[in-house]
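Q: I have a model open and would like to learn how to read its features. Could you take me through it?

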Amino acid sequence: QKAALTKHCKTEEEYKAEKVCCMDDKTRQCHIPWAGVGEGIGHPALQRFVRKTRTALREGRTPAEEDLVSMFCFKNEESFVPRDFARILNEKPRLDQAGQLWEKGKEKQPLDRIAYHLFNANTDVQNMNRKKLFDTNTVIGTLYTRSFSGDVPQGPSSLQLLAADTVSQTPASMRPYFKEGNGGCYMHKDRETCCKYKDGRIGEPFEGQDCVPSKPGMTMNG
């Protein structure tokens, strides 16, 4: 991100192109396309890590042995985006309003996540002054106040991440690529062998994913 912002445009055409670009003239704002310094940089970087990890897996080496980056997705009650979060920030910003909506949707621990995606470009967060940002009658104010309070929660910050880390350190969890046919998980004939392999379709989106059997009585999906 820093490299993208400090690389200056040489021409007016380059400045207007869909790329992160700053001019030598400091009085002009940098041109940053939608998600240009977010997904536009993060996704390609992640894809490079994925390729390195897949190469190691193809050769029967574990990512831990190669000191490769591990990936983890927080979900459900640990997701960085609680249910209807953007709608709440825009339409029901008060804490009591949000609480009612979350309770109705049975959302678990909406105010106890380790991080939040605040949708700054789609909400009014970027225009809030200090008083509004720390108004504890609102969801935003509550989150900001907690973040700056200095209080450290007891216990692990993420039970999901703790469980995933434990599994990743277990040698038995390392599955080989399936190599019969085209290597696809769907080539398995029984549930027992399916659970022993990763999808071996080289270069496909499924490559390296653990094979998961279908529900009993089904041969696909489920």
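Q: Where does M71 lie?

A: First, a word on the model: it is predicted, local features need pLDDT of at least 70, side-chain atom pairs count only at pLDDT 80 or more, and totals for chains, interfaces and linings use all residues. Residues are numbered from 1 along each chain as its sequence is written, and side-chain values use heavy atoms, leaving out hydrogens and water. Helices are DSSP runs of H or I with at least four residues, numbered from the N terminus. Here, M71 sits in the loop between helix 3 (39-58) and helix 4.

Q: Which loop holds E78, and why does E78 count as buried?

A: E78 is also found in the loop between helix 3 and helix 4. E78 counts as buried because its relative accessibility is 12%.

Q: What does E78 touch?

A: Contact means heavy atoms within 4.5 Å. Not counting residues up to four places away in sequence, E78 touches R113, S158, L159, Q160 and L161.

Q: Which side chain does E78 join through a polar contact?

A: A polar contact is a pair of N or O atoms within 3.5 Å; within protein, one must be able to donate a hydrogen and the other to accept it, and residues adjacent in sequence count only if both atoms are side-chain atoms. The side chain of E78 makes one of 2.5 Å with that of S158.

Terms used
Helix = DSSP H or I, 4+ residues; strand = E, 2+ residues; numbered from the N terminus. Buried < 20%, exposed > 50% of the residue type's maximum accessible area, 1.4 Å probe, protein only.
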